[in-house]
There are 2 protein chains.
Amino acid sequence: MADTDTKRKTRGGGRAGAAARRGGAVIEQMPWNPPILIDPPVEPLGPEGVEAIHDGAMRILEEIGIQFLNEETLGILREAGCRVDGDLVFMDRDFVMEMVGKAPSEFTLTPRNPDRKITIGGRHITFGNVSSPPNYWDMSIGTKVPGTREMCANLLKLTQYFNCIHFAGGYPVEPVDIHASVRHLDVVYDKLTLTDKVMHAYSLGKERVEDVMEMVRIAGGLTDEEFEATPRMYTNINSTSPLKHDHPMIDGCLRLVRRGQAVVVTPFTLAGAMAPVTMAGAVAQSIAEALCAIALFQYVRPGAPCAIGTFTSNVDMKSGAPAFGTPEYMRATQMTGQLARFYGLPMRSSGVCAANVPDGQAMWETSNSLWAAVQSGTNMVYHAAGWLEGGLIASPEKFIMDCEILQQIQRYMDPSLTATGPEDIALDAIKSVGNAGHFFGIQHTQDRYATAFYQPFLSDWKNYEGWEAAGGVWTQERAHAMFKSIIANFEPPPLDPAIKEELAAFVARRKAEGGAPTDF
Amino acid sequence: MADTDTKRKTRGGGRAGAAARRGGAVIEQMPWNPPILIDPPVEPLGPEGVEAIHDGAMRILEEIGIQFLNEETLGILREAGCRVDGDLVFMDRDFVMEMVGKAPSEFTLTPRNPDRKITIGGRHITFGNVSSPPNYWDMSIGTKVPGTREMCANLLKLTQYFNCIHFAGGYPVEPVDIHASVRHLDVVYDKLTLTDKVMHAYSLGKERVEDVMEMVRIAGGLTDEEFEATPRMYTNINSTSPLKHDHPMIDGCLRLVRRGQAVVVTPFTLAGAMAPVTMAGAVAQSIAEALCAIALFQYVRPGAPCAIGTFTSNVDMKSGAPAFGTPEYMRATQMTGQLARFYGLPMRSSGVCAANVPDGQAMWETSNSLWAAVQSGTNMVYHAAGWLEGGLIASPEKFIMDCEILQQIQRYMDPSLTATGPEDIALDAIKSVGNAGHFFGIQHTQDRYATAFYQPFLSDWKNYEGWEAAGGVWTQERAHAMFKSIIANFEPPPLDPAIKEELAAFVARRKAEGGAPTDF
């Protein structure tokens, strides 16, 4: 896709490339190159299964209704012809499908560095950092502690450092050492100065949302018109399952869509707790909760960039604890992907686990969820790196371990791996080696060996003796050392000093004004 | 498939079920139920790609030839009309395709307990233990040590204990404390008494192969005719890549197929070392090496049960070390699956990793390889549990961790997860909960919660505080404790004492005779 952004040459040109080269100082990683999903999605449902879930979702909206705890929304939807009973809204399927039909199936998000523009939709898949854990864990601390601004900044540095992380999600850890009234100002300042990737705003009150939009506009050196001309950022909201949307989430989305920015609607439907114990029912409820909000946004701003999110998993029926990366989670994600394509909407899912530390369980659960994202045709993978304890802990070791999986997914999607031209079948090479000898030294190998295979940055492929001689370091310990080294050598991406000053001045002014209310 | 084995009622009846119930004493696991692959395979190649690899494999056999270091084979293939030049055999594609066409696309393997019969082919997937590592590692030893009979027996107990392990592969660790001349006698005795699952024989000289067949016959209480009437066991051989088959492997296979037993031919084609650096070339070479042996076996015994194996991966081009569970490995496995279906042959692949200890890397590499087995339509997954260090180490902790993934694959293939009937969509349940409350207590949940979701045996889904209060035990340590408990509580499967005596007498006699030559 040609980059037509006029800012590219003046402000953002070549930064991603330069950052990737600088990255070589600590590790060798793959270049910035968001993957294209070349495998067909895994589709467990036949057409009648898709229809059954769709019909279920529509009947939820028609017969049960969704609570919208947002006065403005009730007025809009009454005007749109929906039946509104108190704060309960009933939408018929014709209205929902007409509105959802206005949403684009693909859109772009352009951050302050236009080289980091990403496409959400089609067969594009993008990865974002873990978002919103209140707690932090690393190998040197060794236990779960509340997040701080420094921890948050360090995780933002990882977000910037790794080319396989394509967008900045919410706060990679909640910095509870900053007062909630001004937290968004400090963290978004850190995000905009430590990273040049796509930005997110929490929908937690109008002041926060407006402040973040203004800071993103300033960081991009944009006029209001330029800011609104194409999506520069996004918000992600959860419904309050079952079947309820709360005031600040809808309010924040409305503010963003009215200014041409993107929204992701992600119900959190834990089967057996906030949704039916049956996965198809949990998915149907999730679809209903997402579509009614997207219908609202399309009514308000036809063509507004929206994505449908899934966070359907199951609870442990022994304890009620949420489970992640389970077979049920994988199937729910795949089913939601089928429905997203049925509606022509971009899709968001997640990289998740229930494990408390970055061990074997953490990696099989996360692998399951990341491959489910691939299999479902997900466009936007939230929490793709750094998540532990069902999202209550952020860990830099886990972040780096996850990035190795993400790079492998990127490599897996390289069509050269399955090319079958004459030079790939390599009959001449096979003939030249014959029935003895090896392929190490031959020209066919020499011409290709440097790029033939995935090169890991964290995996240790030495044999046991070599690994032991190098200290016998387990994966999470190697990741910890790499974390320290990346942070020690981190260079923030270029930012015009005048813009940085303008951002700082904005933060100072808004702090002086008291920041945002904290009664959300 | 109806079980028509006449021994079922008299000797083996209901043992699998009883074993599963006894298993409940240590952990709650899923019942014996080899999964059916319900997802379509992942097929990176179009028809022209399949044709290109097929043509490459055929040209290898026609133009380059395969070395058969086996006099008998050279005579057979000369008689079959192949061009034989010294020990180099050239097969034309008509011969290869005619012979391969005689192989069944599906067959069964029936061990001494007929309830443990497995089907190899179609959409059946089965899992076997790690096979043949010379070394052992566990958390209490803490370093790599040579295998012993006790370690081997303990891993056999895990093989028997876990219902998600469907067949016994080679020795789960090589017991180097037993002299090589009699090792097969002791270990196969242990295998046949500690497990009742499908048996394997190494093709390492006629005495070993004949001894194992005889022991399997005795253990099953079978006459020679009964033993030969249906496959009771199998061997797996590797070619000596590039393009060579060694004497004992071919000899062992010939002995098995002549008695109606099954063979798996698995070239070990490491791209960039023993095969071209390009994955399609490595796969083409692997296919050629496998098909020429299968063609031989079909000429000797038309309809002999054969499977095509893949062990195509890549080396680390920096060090030459083999890599496993990489993106290249996944794609090679998927491509081989396409070719196996093209030839109508059952397929074998593996659960593999390069990691040296059961940590995060071990699990993302193993997850990649196990899901690649699923995606490729593999029927027989070797090394599915317990493998470390590229196959040089067996680990009981890794065994148990892998079994959690295998159980999840079994659960993932349960069609109930994606059922979309009215009771699954659960509109009435959603209506009854409405816009507040939860689903924990309702009848729809109560009726289903006990079996609704995957129940792990090793994963810890407690929150951090609960996990920490329980000792803060990492996955590999939990697996170690489970290993100790399973071994302490292990009960061998039932075996007629007269048969056990007959086996012991056979072992004693063959030891007195000196066992097998050790010059292989």
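In chain B, B:V263 stands opposite B:C306 in strand β14, where opposite residues are bridge partners, and two strands count as paired if DSSP finds at least two bridges between them. Helices (H or I, at least four residues) and strands (E, at least two) are DSSP runs, numbered from the N terminus. Before we go on, note that this is a predicted model: local features need pLDDT of at least 70, side-chain atom pairs count only at pLDDT 80 or more, and totals for chains, interfaces and linings use all residues. Residues are numbered from 1 along each chain as its sequence is written, while chains are lettered from A and ligands numbered from 1 in the order in which they are written.

Let's stay with β14 of chain B. Strand β12 (residues 262–265) of chain B runs parallel to β14(B), and 3 bridges join the two. Strand β17 (residues 347–350) of chain B also pairs with β14(B) in the parallel sense, over 2 bridges; here B:I308 has B:M347 in β17(B) as its bridge partner. Which way do the residues of β14(B) point? B:C306 and B:I308 point one way, B:A307 and B:G309 the other, and all are buried. A residue is buried if 20 or more other C-beta atoms lie within 10 Å of its own, exposed if 12 or fewer, and partly exposed in between, with C-beta atoms placed from the backbone.

Now turn to chain A. Its open sheet of 7 strands has the order β6-β18-β17-β14-β12-β10-β9, with parallel pairing. β6 (126–129) and β9 (199–201) of chain A stand at the edges with a single partner strand each, so one side of each is left without a neighbour in the sheet. From one strand to the next, the twist averages 30°. Helix α14 (residues 396–412) of chain A packs on this sheet, touching β6 and β18 (380–385) of chain A, and its direction makes about 135° with that of β18(A). Axes are lines fitted to C-alpha atoms, for helices over the stretch in contact, and angles run from 0 to 180 degrees between N-to-C directions. Within the sheet, 2 bridges join β14 (residues 306–309) to β17 (residues 347–350) of chain A, and A:G309 has A:R348 in β17(A) as its bridge partner.

Chain B has an open sheet of 4 strands too, in the order β8-β7-β20-β19 with mixed pairing. Its edge strands are β8 (145–146) and β19 (387–388) of chain B, each pairing on one side only. Strands β7 (residues 135–136) and β20 (residues 393–394) of chain B pair in the parallel sense over 2 bridges.

How do helices α3 and α12 of chain B cross? The axes of α3 (residues 47–64) and α12 (residues 327–343) of chain B come within 10 Å and cross at roughly 80°. That makes α3(B) roughly perpendicular to α12(B), a word used for 65 to 115 degrees; under 35 is roughly parallel, over 145 roughly antiparallel and the rest oblique. B:V50, B:I53 and B:H54 in α3(B) meet B:M335, B:Q338, B:L339 and B:F342 in α12(B).

Finally, the core. A:V263, A:I294, B:V263 and B:I294 touch the most other members of the largest nonpolar core, which has 327 residues. Such a core is a set of buried Ala, Val, Leu, Ile, Met, Phe, Trp, Tyr and Cys residues joined through C-beta atoms within 7 Å. Not counting residues up to four places away in sequence, A:V263 touches several residues, among them A:Y234, A:F297 and A:C306; contact requires C-beta atoms, placed from the backbone, within 7 Å.

Note on methods:
Contact = placed C-beta atoms within 7 Å.
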